[in-house]
Amino acid sequence: MRVLSLDLAPESESDDPGAWVSRVRTAVRKACRQGLTVSGESFDALVRAAVHDPDPSFNRVFLEPALNAFGRGRVQVALLGYLRTGTDLERAGAVRAW
C-alpha cells in the first residue's frame with residue numbers, strides 16, 4: 001500500500017488479518033482499473049506480494065500491474081530469481097505466480 005501510495009482506511013470492527021488482505025487486494029484492483037501509474041520502485045513490492053500471497057487465485061491482482069508496466073520478461077526473470085534463491089515458501093509462491 002505504501003509503495004503504491006494507496007490509502008486504506010482502517011476498519012474499526014475487524015482485527016482479522018484476512019479481512020485486511022482482502023481489502024488491500026480490492027484497493028489495488030480498483031486503483032489499476034482507474035489507471036494506476038506503477039513506478040519502478042514498486043516492481044519488487046508487487047512481485048514480492050504476488051509470491052507471498054497465500055491464495056493463488058488472487059496473486060494475479062499484484063502481477064497484472066507489474067506485467068502491464070514492466071512486461072512479461074522482467075516479471076518472469078524476477079520469478080525465476082525466487083525459484084533459484086528463495087526459501088521453500090517463496091519457491092512455491094513463485095510457481096503459483098508463474
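This is a predicted model: local features need pLDDT of at least 70, side-chain atom pairs count only at pLDDT 80 or more; totals for chains, interfaces and linings use all residues.
Local features were considered at pLDDT of at least 70 and side-chain atom pairs only at pLDDT 80 or more, while totals for chains, interfaces and linings use all residues. Residues are numbered from 1 along each chain as its sequence is written, and side-chain values use heavy atoms, with hydrogens and water left out.

Helices are DSSP runs (H or I, at least four residues) numbered from the N terminus. The axes of helix 2 (residues 42-52) and helix 3 (residues 60-70) come within 8 Å and cross at roughly 145°; axes are lines fitted to C-alpha atoms over the stretch in contact, and angles run from 0 to 180 degrees between N-to-C directions. The crossing of helix 2 with helix 3 is left-handed, that is, the near helix is turned anticlockwise from the far one by less than a right angle. Contact (heavy atoms within 4.5 Å) is made by Phe43, Leu46, Ala49 and Ala50 of helix 2 and by Phe62, Leu63, Pro65, Ala66 and Phe70 of helix 3. This contact comprises nine nonpolar, no polar and no charged residues, where Ala, Val, Leu, Ile, Met, Phe, Trp, Tyr, Cys and Pro count as nonpolar, Asp, Glu, Lys and Arg as charged, and the others, Gly among them, as polar.

Burial was assigned from relative accessible area (buried under 20%, exposed over 50%, partly exposed in between; 1.4 Å probe, protein chains only). In helix 2 the buried residues are Ser42, Phe43, Ala45, Leu46, Val47, Ala50 and Val51, and their cover includes helix 3, helix 4 and helix 5. Helix 3 buries Val61, Phe62, Leu63, Pro65 and Ala66. Just after helix 3, Gly71 adopts a positive phi of about 90°.

Helix 4 (residues 72-85) contains 14 residues and reaches 20 Å from its first C-alpha to its last, close to the 20 Å expected (1.5 Å times one less than the number of residues). Val75, Ala78, Leu79 and Tyr82 are the buried residues of helix 4. They lie on the same side of helix 4 because they cover an arc of only 95° around the axis, the arc being that of the directions from the helix axis to the C-beta atoms. An α-helix has 3.6 residues a turn, so residues three or four places apart point the same way. On the other side of helix 4, Val77, Arg84 and Thr85 are exposed. The buried residues of helix 4 pack against helix 2, helix 3 and helix 5 (88-97).

Pro56 is located in the loop between helix 2 and helix 3 and is partly exposed, with a relative accessible area of 43%. Pro56 and Arg96 are 40 residues apart in sequence, yet 5.8 Å apart in space, C-alpha to C-alpha.

Technical notes: Helices (H or I, at least four residues) and strands (E, at least two) are DSSP runs, numbered from the N terminus.
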